[in-house]
Amino acid sequence: MSPPQPVDVASFARTQLALLEQELQSEVQETSSLISNHSPTALQRAGLAITGLTLSSQRTGLGGKTVLELSPDAATSATGDLPEHGIRTGDIVLVAEQPAGSARKREVQDLERKGARGVVTRVQKTAVGVALDEGTGEDVSFSGRVWIVKLADEVTFKRMKLMMERLEKMDESEYTSFIRVLFGLSSPSPVSTDLKTDPDVAWLDPTLNESQKDAIRFALASREVALIHGPPGTGKTHTLIELILQMVKQGQRILVCGPSNISVDNIVERLSPHKVPILRLGHPARLLPTVLNHSLDVLTQTSDAGVIVKDVRAEMDAKQASIKKTKSGKERKAIYGDLKELRKEFRTRERSCVSNLVSGSKVVLATLHGAGGSQLRNAQFDVVIIDEASQALEAQCWVPLLAAKKVVCAGDHLQLPPTIKSLNSKHNKSKAKVSAQGMTLETTLFDRLLALHGPAIKRMLTTQYRMHERIMRFPSDELYESKLMAADAVKARLLRDLDYDVQDGEDTNEPLIFIDTQGGDFPERAEEDDPENPRKGKSALHGDSKSNEMEAALVRQHVAALTSAGVRAEDIAVVTPYNAQLAVLAPLKERFPGIELGSVDGFQGREKEAVIVSLVRSNPEGEVGFLGEKRRLNVAMTRPKRSLTVIGDSDTVQSPFLKKWMAFLEENADLRYPDVTTLEMGV
Ligand SMILES: Nc1ncnc2c1ncn2[C@@H]1O[C@H](COP(=O)(O)OP(=O)(O)OP(=O)(O)O)[C@@H](O)[C@H]1O
């Protein structure tokens with residue numbers, strides 16, 4: 001193999017900084033234009049806001065922050081439940097007085113001046129909690145009706161940029177051998193090729209398969225870097241758990257990170273039964289309940305040092321409450337002064353308690369972004385393990401990397417990378433300049449290391465525990481060098497074999513069905529084509545998405561066939577690449593309660609017994625847009641366990657990968673041609 005092309009660290013960091021700035025600007029511009037051009041109710045419908053709220057309580061949370069609890073305004077809410085919305089814990093939001101529906105043009109800056117920024121800490125059926133940012137509106141009082149609206153997540157960008165600035169300024173003499181390898185200035189230390197005979201590993205999990213064992217041995221033996229390539233359903237997390245336990249046995253100190261809270265919690269839950277002392281960083285409101293007893297916040301309250309921290313917190317709450325009873329401005333000012341002092345003391349005590357807990361833990365777990373918090377300042381680890389590394393921005397991976405001497409990345413670069421807004425942004429004028437240097441934010445650390453050092457730094461997991469053999473065949477042959485094998489337990493599983501009563505019939509005894517809409521009778525529709533559509537136009541909430549109503553009717557027909565054969569709606573998912581199609585399919589949720597509808601991008605990492613893929617695109621020009629993306633199609637086709645039904649037009653197939661897939665389906669699937677004259681329209 002030819003030696004790696006070294007990367008200049010400072011210019012890498014500079015390019016990343018430029019790309020991150022573009023991305024942040026795209027996000028900021030997108031949110032501002034949505035907020036200025038749409039009513040609060042429309043933003044709520046699009047999942048970006050919650051309207052009609054009032055302040056129900058205010059208290060002191062972690063880090064001495066003010067936490068607001070907001071509930072539906074009793075005057076307008078009949079049920080007391082929050083309306084349907086898409087706000088999640090961890091979202092950065094603006095809390096502000098709700099503008100009248102008739103008020104035109106809202107500028108974000110205007111709203112911000114009158115409101116406060118914060119992080120959503122809790123979303124319940126009847127209330128939402130927001131921890132306010134320091135210095136932005138802790139003193140704002142919300143007397144009337146308020147709303148919250150999602151903003152760009154600038155905090156995440158700030159942490160990534162800080163790391164890139166550190167890298168940029170680093171002198172070459174400061175580069176560790178680890179950093180040198182990550183940039184191709186040195187090759188990774190060689191690893192013995194005969195690991196299979198290594199007698200040193202005593203396996204804790206007897207069910208591990210050979211490819212998993214091989215990946216673990218390799219990751220243990222590597223000195224600087226190891227990639228664990230886990231195609232869909234191959235037990236990536238399963239493998240990482242054993243790897244972490246083996247590393248702990250060797251006395252190593254490990255930081256485990258993932259791009260999302262759920263990816264990290266998943267590991268905490270699976271490590272928990274092994275009685276290894278672990279510490280999970282992150283706001284408790286964002287953690288799974290089963291993970292809480294490892295949470296730093298909970299431990300700071302239950303440990304001895306934590307009790308003192310708790311006392312200060314109680315004092316702060318009492319002071320906060322007394323503000324309401326005070327009429328005099330002078331007294332109020334004095335209380336704010338006291339609160340400021342208390343907050344300072346609170347932080348000092350909390351910091352020392354936290355640092356004791358962190359230094360006493362062998363395994364610390366956090367999101368990539370969370371690893372940049374003050375709790376880990378100056379902490380050092382032997383290894384950083386990054387799960388779902390191919391879904392994280394490289395700059396995000398750098399947040400924990402400088403705390404370690406070695407990295408193990410687990411992921412699948414053949415599934416979707418993180419979503420990048422600036423790639424498609426019309427605002428982005430300098431895009432060409434940056435991509436001319438050959439780097440985009442879509443290039444993940446996993447991709448870059450693989451390109452830099454080649455497959456020698458990677459081990460692939462090859463037994464998959466999800467899909468019927470026939471569902472697996474195409475992705476295995478086209479993307480995974482025909483190396484995937486279906487585990488015995490799954491390779492012949494059909495819907496009719498589910499452990500509840502399902503009739504044996506043409507829809508339940510076939511793992512692969514292709515409903516081919518070729519012939520031009522099932523045309524797609526662009527959002528802009530619809531004169532009635534309020535979402536059309538420049539800042540449309542679904543962009544230039546596509547939909548296909550006739551195809552949606554076929555989806556409904558197939559779901560009805562499956563459910564009448566006895567398949568439970570909760571075992572069925574419909575996935576489609578287009579948000580506009582999801583909107584068309586939405587009524588299915590009422591008709592078949594329990595069914596899941598999702599975008600392909602949103603369904604990555606998930607699985608279902610039966611999956612229906614609605615491809616949508618059907619036009620005489622054969623245009624397929626972002627459906628031509630291999631990695632998106634790979635995610636779509638690898639979600640099901642027992643049944644994959646593809647609905648689409650085999651004539652609209654300009655992309656080579658899609659063309660191959662259509663040809664494969666025509667050969668290998670149960671092929672059906674729908675009759676448009678008998679199709680009952682609607683969903
Ligand atoms: N060696 C094994 N023997 C039996 N079952 C296994 C083995 N490894 C993994 N599995 C099973 O395979 C399934 C997928 O495993 P896991 O959740 O670890 O996968 P993953 O690779 O992290 O998931 P994804 O494919 O979504 O990335 C689980 O049900 C797990 O129990």
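Author: Strands here are DSSP runs of E with at least two residues, helices are runs of H or I with at least four, and both are numbered from the N terminus. Two strands count as paired if DSSP finds at least two bridges between them. Ile 254 stands opposite Val 383 in β11.

Reader: What are the ground rules for the numbering and the model?

Author: Residues are numbered from 1 along each chain as its sequence is written. The model is predicted, so local features need pLDDT of at least 70 and side-chain atom pairs count only at pLDDT 80 or more, while totals for chains, interfaces and linings use all residues.

Reader: Is β8 buried or exposed?

Author: A residue is buried if 20 or more other C-beta atoms lie within 10 Å of its own, exposed if 12 or fewer, and partly exposed in between, with C-beta atoms placed from the backbone. Five of the five residues of β8 are buried, so the strand is largely enclosed by the rest of the structure. As for the two faces, in a regular strand the side chains alternate between the two faces of the sheet. In β8, Ile 254, Val 256 and Gly 258 are buried on one side, and Leu 255 and Cys 257 are buried on the other.

Reader: What is the strand order of the sheet that holds β8?

Author: The sheet is open and has seven strands in the order β9-β10-β8-β11-β12-β7-β13, with parallel pairing. At the edges are β9 (278-280) and β13 (458-460), each with a single partner strand, so one side of each has no neighbour in the sheet. From one strand to the next the twist averages 15°; axes are lines fitted to C-alpha atoms, for helices over the stretch in contact, and angles run from 0 to 180 degrees between N-to-C directions. At one end of the order, β7 (residues 225-229) pairs with β13 over three bridges, and Ile 228 stands opposite Arg 459.

Reader: Which helix lies across β8, β11 and β12?

Author: That is α12 (residues 394-401), which runs at about 150° to β11.

Reader: How do I read a nonpolar core?

Author: Nonpolar side chains tend to be buried together in soluble globular proteins. A core here is a set of buried Ala, Val, Leu, Ile, Met, Phe, Trp, Tyr and Cys residues joined through C-beta atoms within 7 Å. The largest core has 103 residues, and Val 130, Ile 148, Ile 244, Val 384 and Val 408 touch the most other members. Helix α1 (residues 9-37) gives the most to this core, with six residues. A second, separate core has 57 residues, including Ile 513, Leu 562, Ile 572 and Ile 647.

Reader: What is Ile 148 in contact with?

Author: A contact means that two C-beta atoms, placed from the backbone, lie within 7 Å. Leaving aside neighbours within four places in sequence, the contacts of Ile 148 include Ala 49, Leu 70, Val 95 and Val 130.

Reader: Which six strands form the other open sheet, and in what order?

Author: The order is β20-β19-β21-β22-β16-β23, and the pairing is parallel. β20 (596-599) and β23 (670-672) stand at the edges with a single partner strand each, so one side of each is left without a neighbour in the sheet. The twist averages 20° from one strand to the next. Four bridges join β19 (residues 572-576) to β21 (residues 608-614), and Val 574 has Ile 612 as its bridge partner.

Reader: How do I read the faces of a helix, such as α21?

Author: An α-helix has 3.6 residues a turn, so residues three or four places apart point the same way. In α21 (residues 656-668), the buried residues are Leu 658, Trp 661, Met 662 and Leu 665. These fall within an arc of 100° seen down the axis of α21, so they line one face of the helix; the arc is that of the directions from the helix axis to the C-beta atoms. The face turned away from the buried side carries the exposed residues Pro 656 and Glu 667.

Reader: What covers the buried residues of α21?

Author: The cover includes α15 (469-479), β16 (512-516), α20 (630-637) and β22 (640-648).

How values were computed. The expected span of a helix is 1.5 Å times one less than its number of residues.
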